[in-house]
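Dear colleague,

I am handing over the structure below, and after it you will find what turned up in it. Please keep the model open while you read.

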Amino acid sequence: MTNKRDIYITEVALRDGSHAIAHQYTVDQVLKVAKSLNDANVPYIEVSHGDGLAGSSLQFGLSRTNEMELIEAAVSVADKSKIAVLQIPGIGTVKELKEAARLGAKMARIATHVTEADVALQHIAAAKELGMETVGFLMMSHMAPVEKLAEQAKLMESYGADTVYVVDSAGALLPNQVRERIHVLKQIVDINIGFHGHNNLSLAMANSLVAIEEGATRIDGSVRCLGAGAGNTQTEVLVAVLERMGIQTGVDLYKMMDLAEDIIAPILQTPQEITRDSLTLGYAGVYSSFALHAKRAAEKFNIDSRDILIELGKRKVVGGQEDMIVDVAAEIAKEKHGVVSR
């Protein structure tokens, strides 16, 4: 391990991984994970509900523990790592952002749909006023032409973002598509460029490496692949691969391996793998956090969850439209079985 960093990794298991365990993190779990990540010298640790600050709800999934308690716990054991939070305007408000900053969060990742960067102005400005490092997080980046993505990234930069991310929320992007997007952004913006991948098509690692080749210096990972869908770029593997390539992350590989094996593995309800549902997410281009919701709706209506996900993809449903999952399931069940009750 070295203190030099060519690439800055943000560990997202305590946010994106919340989806995989139905938002049931405890304070004790967050303390153990955050302390281990801090000891491994991971620069940024993201902590919040899977759908960002204030995401705990019937629509998105109720948290077991108030996320502010989780943020406070993570801050208490992080003297090297900076605690980051995700906020989706329309779900979280500036009020929650201020509370997170008061508790010690140092980075705000403001997430919008790839064509809706304009709704981030207030939140990015507020984060800057709070002295937080700010990230513009363009979700579902596969759904916009490259020119539109570049336009939206430029907006994020104009609002004051220090970094802008290409976010493959569905795990649907192919390596050539990631290369094209990062390449164009590198020509357009003067701020840091990041990439957040999902592994639904088994391409998260390949896509992360392509992003780095094209100039991205901020990469997200989830230890043991603990994230929505089939998880994200696996952090400990990413660190190992980059070390083999002579690219420095400053992260202790052995400590990340130990964290994955000894602490994260027992938290996982089932091992992260590319199941038929997560594969369908990537194939259909559907938001990765929809997997669990679709599975529950399929069981309720006695239909195939893949049919739900494919239909959601056809309708170009995006994050925040989780209520559509039950509606689509009911429609499919009615076509298949006749009249159904909810």
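The residues that line the second largest pocket divide into nine nonpolar, five polar and three charged (Ala, Val, Leu, Ile, Met, Phe, Trp, Tyr, Cys and Pro count as nonpolar, Asp, Glu, Lys and Arg as charged, and the others, Gly among them, as polar). A pocket here is an open set of points on a 1 Å grid over the protein atoms alone, where a 1.4 Å probe fits, with protein on both sides within 12 Å along at least five of seven lines, and lining residues have an atom within 4 Å of a point.

The model is predicted, with local features needing pLDDT of at least 70 and side-chain atom pairs counting only at pLDDT 80 or more, while totals for chains, interfaces and linings use all residues. Residues are numbered from 1 along each chain as its sequence is written, and side-chain values use heavy atoms, leaving out hydrogens and water.

Strand E4 gives the most to the lining of that second largest pocket, with three residues (strands, E, are DSSP runs of at least two residues and helices, H or I, of at least four, numbered from the N terminus).

The largest pocket is lined by 27 residues, and Ala20, Thr270, Ala291, Leu292 and Lys295 lie nearest its centre. Helix H12 gives the most to this lining, with five residues, and the lining as a whole divides into 10 nonpolar, 13 polar and four charged residues.

Finally, eight strands close into a barrel with parallel pairing, in the order E1-E2-E3-E4-E5-E6-E7-E8, where two strands pair if DSSP finds at least two bridges between them.

Best wishes
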